[in-house]
Amino acid sequence: MSFAALAGFVVGALAVLFYRNQIEAPSRITEPETVETGAALPQGVASVLAVLPSSAVVLDAHDRVLRASSAARAFGLVKGDRLMAAELLALARQVRRDGEIRESEIDVAGHKFGQETTNFAVRVAPLGTYGQVLVLAEDQTERRRVEAVRRDFVANVSHELKTPVGALSLLAETIQDAADDPEAVTRFANRMQHEAARLNHLVQDLITLSRIQGAEPIPTPGQVSIDEAIHDAIDYCNTKAAAKDIALVSGGTEGLRIWGDDELLVTALRNLIDNAIAYSPEHTRVVVSVRPANDSVEISVSDQGIGIPEEALERIFERFFRVDAARSRATGGTGLGLAIVKHVAAAHAGEVSVWSKEGSGSTFTLRLPAFGGTAVAVPPSIPLETAK
Ligand code: ADP
């Protein structure tokens with residue numbers, strides 16, 4: 001239920017309660033144990049307010065707080081028997097004057113750690129005939145933040161899509177103009193293929209990201225062999241490594257397993273190995289190693305590449321963040337690879353961390369809970385399905 005619907009329901013319910021109290025039990029309109037300032041609250045109102053998730057405040061005819069939920073106090077909306085936000089008080093007075101329900105948004109100077117202001121959706125309603133006013137306020141700072149992130153994401157995706165789509169359109173025009181020059185047609189057709197591949201890569205990454213981002217559990221989890229996942233990921237990246245004469249080496253403990261989705265694990269490893277190759281000079285080594293770590297399995301991908309500046313380390317897992325946008329595009333990067341890795345780790349209740357030194361190289365480590373709670377190696381001769 002949306003806040004407006006919930007607030008509407010609560011205001012309606014309180015109005016009914018108030019009406020019934022006036023008619024049926026005028027002598028029982030106080031609930032002394034729930035009233036804070038000694039003034040009267042309609043019976044039952046306090047109980048309704050107590051179960052509300054949002055901040056609730058009831059003011060008497062003289063703007064004194066009759067009741068305030070603990071959330072309202074924690075947010076600093078109420079101090080003692082006073083409503084602190086001047087804007088809210090003005091709204092309450094208007095409502096008391098004309099009896100009309102009002103909705104608004106207000107910002108209150110932040111009280112949470114690291115938060116400058118708290119944004120509230122508020123609904124103010126008259127409560128009965130004694131000049132009492134009900135104020136409901138819901139903290140929507142987090143929802144606002146999520147909305148802003150989503151807006152940014154859509155803007156970024158549009159921007160990323162525009163580049164290859166624009167290039168394809170230009171190349172198609174150029175091919176038309178060069179119709180009687182077969183050599184030029186071949187050259188431009190090749191570039192079209194390249195742009196189409198880039199577009200395909202981006203769309204694939206977006207699909208993968210949206211598949212795992214919902215924070216839903218993996219749909220069909222199963223036992224995943226780390227050896228097989230590494231083998232598949234390396235297999236996929238071999239051509240790219242060979243083109244730069246980069247040796248792809250794997251080692252460590254064999255036979256370890258996790259509980260999860262093999263396709264997602266391969267995708268995450270592929271992204272890490274792909275990056276290791278993309279951001280390393282020719283004739284270097286990329287090492288993938290596995291080791292048990294108590295109840296987890298650690299898989300690390302190390303390279304001898306350009307490394308990552310310290311100030312960028314905490315941002316590289318953000319969607320579309322690149323240290324060097326031109327280099328990322330030149331190597332066919334989408335800027336989504338590490339965001340996917342982070343979400344794959346989270347979907348497996350694991351995590352990913354990074355160590356890096358500019359000019360020396362980087363190591364990305366995936367730490368995932370081991371199958372069965374402890375990281376034990378299964379001898380290769382026992383099939384996964386029967387191994388316990
Ligand atoms: P991209 O598609 O641009 O590679 P990623 O999300 O995979 O996007 O990575 C984000 C950024 O992190 C990259 O653009 C690059 O600047 C940096 N990065 C990732 N992996 C490495 C690495 N192994 N070595 C150096 N920089 C890296």
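So, the shell around the ligand: by class we have nine nonpolar, eight polar and two charged residues. Before I go on, keep in mind that this is a predicted model.

Who comes nearest? Of the 19 residues around the ligand, the nearest are Asn-275, Tyr-279, Ser-328, Thr-334 and Gly-335. As for which elements they sit on, at least two shell residues each come from helix 8, which is 262-278, helix 10, which is 337-347, and strand 14, which is 361-369.

Asn-275 places a polar side-chain atom 2.8 Å from a ligand oxygen. Asp-303 has a polar side-chain atom too, and that one is 2.9 Å from a nitrogen atom of the ligand.

Okay, next up is the core. The largest nonpolar core has 53 residues, and the ones touching the most other members are Ile-226, Leu-265, Ile-273, Val-297, Ile-299 and Leu-366. Quite a few elements give two or more residues here, including helix 5 at 141-177, helix 6 at 182-213 and helix 7 at 226-243. On the strand side, strand 11 at 285-293, strand 12 at 296-302 and strand 14 are on that list as well. Which element gives the most? That's helix 8, with nine residues.

As background, nonpolar side chains tend to be buried together in soluble globular proteins.

Asn-294 has a phi near 55 degrees, which is positive, and the residue isn't a glycine. You'll find Asn-294 in the loop between strand 11 and strand 12. Buried or exposed? Asn-294 has 66% relative accessibility, so this residue counts as exposed.

The other one is Ala-349, again not a glycine, with a positive phi of about 60 degrees. Ala-349 sits in the loop between helix 10 and strand 13, the latter being 351-357. With a relative accessible area of 62%, Ala-349 is exposed.

Key:
Residues numbered from 1 in each chain as written. Predicted model: local features only at pLDDT ≥ 70, side-chain atom pairs only at ≥ 80, totals over all residues. Heavy atoms only, no water. Near = heavy atom within 4 Å. Polar contact = N/O pair within 3.5 Å; in protein donor to acceptor, adjacent residues only side chain to side chain. Helix = DSSP H or I, 4+ residues; strand = E, 2+ residues; numbered from the N terminus. Nonpolar A, V, L, I, M, F, W, Y, C, P; charged D, E, K, R; others polar. Core = buried A, V, L, I, M, F, W, Y, C linked by side-chain atoms within 4.5 Å. Buried < 20%, exposed > 50% of the residue type's maximum accessible area, 1.4 Å probe, protein only.
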